[in-house]
Amino acid sequence: MEINLISDTVTKPTPEMLKYMMDAHVGDDVFDADPTVKKLQDKLAKMFHKEAALFFPSGTMANQVAIKIHTLPGEQLICDKWAHVYNFEGGGAAFNSGVSCALIDGERGMFTANQVEEKINDPDNIHLAKTSLVTVENTTNKGGGSCWQYVELQKIANVCKSNSLRYHLDGARLFNALVETEETPEQYGKIFDTISICLSKGLGAPIGSVLLGKEEDMVRALKIRKLLGGAMRQVGYLAAAGIYALDHHVLRLKEDHDKAKILANELSSLEYVKSVEPTETNIVIFNLIESIDENVFLNKMKELGVLMISMGQGKLRMVTHLEITNDMIKHVVKALKTFKK
Ligand SMILES: *Cc1c(COP(=O)(O)O)cnc(C)c1O
């Protein structure tokens with residue numbers, strides 16, 4: 001048995017999802033003629049009470065286009081030091097938009113409205129880059145799947161408003177947060193200028209992200225998506241997977257969270273585990289005690305059929321998803337217990 005806990009992106013479409021994809025009505029989306037893409041975009045825009053939505057091949061491209069429409073070269077965005085937009089998008093903010101990132105020293109990928117205020121440059125000081133955007137991540141990836149307090153996100157929205165900053169949410173795993181906290185999509189649509197959502201993470205689609213925002217912003221996003229090579233033809237087959245995922249795979253995310261909590265609980269009882277980050281959703285991050293070589297541990301787990309990854313700085317990560325069964329969780333627990341320091 002191979003149990004792949006490397007990421008929630010490793011899932012393959014279920015037979016039901018594949019059937020739904022095969023049955024999709026498609027057209028040339030570059031000519032705005034794919035009904036299934038439109039259906040997906042309309043569905044998400046309506047759900048979040050946003051004017052418009054745009055389908056993307058990846059979350060990275062959705063975030064990068066959002067940064068591009070909110071900034072001009074030479075300006076600066078504010079994000080957490082662990083943010084995906086800063087760490088894991090190939091330096092795209094600098095490459096695509098010519099902007100620098102002011103990093104907040106947050107807590108598990110989250111920060112406060114006061115910390116944002118401290119990072120905003122004085123617009124009248126000619127020495128400083130103009131601050132134009134704040135981006136947050138919910139749930140946080142490197143922060144261990146943590147969920148923000150909605151009130152803090154609201155406070156940051158107010159700071160953005162009073163300083164004329166745009167506000168972007170990297171919501172790659174926003175549905176994990178919504179399911180866990182019982183908050184609503186409308187609440188998020190109300191405070192953010194743009195929101196990116198991954199369909200290919202816990203939701204289980206093979207490909208796809210969507211960017212949500214005002215009509216005028218999405219018109220600009222459409223143009224930039226085209227120039228990045230992200231305009232696609234009969235892409236309704238992929239959009240169909242997203243529609244299926246939204247209809248069938250949202251509420252079940254809670255099961256992934258429950259399984260992750262079982263793993264976190266088990267890890268915290270093991271002598272060779274130094275610490276386990278609080279596990280709120282489907283990501284479990286933990287550190288081994290110093291005397292254990294991370295690679296020795298990872299290889300041993302691999303031998304036992306359990307795959308996970310290192311996030312750097314001694315952090316190891318397991319992510320639960322829709323292919324992980326209760327029996328697999330039992331097997332992982334057994335494998336973890338087998339390892340001797
Ligand atoms: C996965 C992820 C993205 C987008 O990644 P792609 O692989 O480009 O789809 C963006 N932000 C966060 C927090 C992510 O976890």
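This is a predicted model: local features need pLDDT of at least 70, side-chain atom pairs count only at pLDDT 80 or more; totals for chains, interfaces and linings use all residues.
Residues are numbered from 1 along each chain as its sequence is written, and side-chain values use heavy atoms, with hydrogens and water left out. Local features need pLDDT of at least 70 and side-chain atom pairs count only at pLDDT 80 or more, while totals for chains, interfaces and linings use all residues.

**Whole chain.** Start with the cartoon view: you'll find 14 helices and 13 strands (DSSP runs numbered from the N terminus, H or I of at least four residues for helices, E of at least two for strands). The radius of gyration, taken over C-alpha atoms, is 20 Å, close to the 20 Å that the globule rule (2.2 Å times the number of residues to the power 0.38) gives for 341 residues, so the chain is as compact as a globular protein of that length. Its C-alpha atoms fill a box of roughly 55 × 55 × 35 Å along the principal axes.

**Main core.** Next, select Phe-48, Phe-175 and Tyr-188, which have the most contacts inside the largest nonpolar core, a set of 56 residues. Such a core joins buried Ala, Val, Leu, Ile, Met, Phe, Trp, Tyr and Cys residues through side-chain atoms within 4.5 Å; buried means under 20% relative accessible area (1.4 Å probe, protein chains only). Now colour helix H11, residues 236–248: with seven residues, helix H11 gives the most to this core.

**One tyrosine.** Finally, zoom in on Tyr-188. Leaving aside residues up to four places away in sequence, Tyr-188 touches residues including Phe-48, Asn-138, Tyr-150 and Glu-183 (contact means heavy atoms within 4.5 Å).

Definitions and conventions:
Buried means under 20% relative accessible area, exposed over 50%, partly exposed in between (1.4 Å probe, protein chains only).
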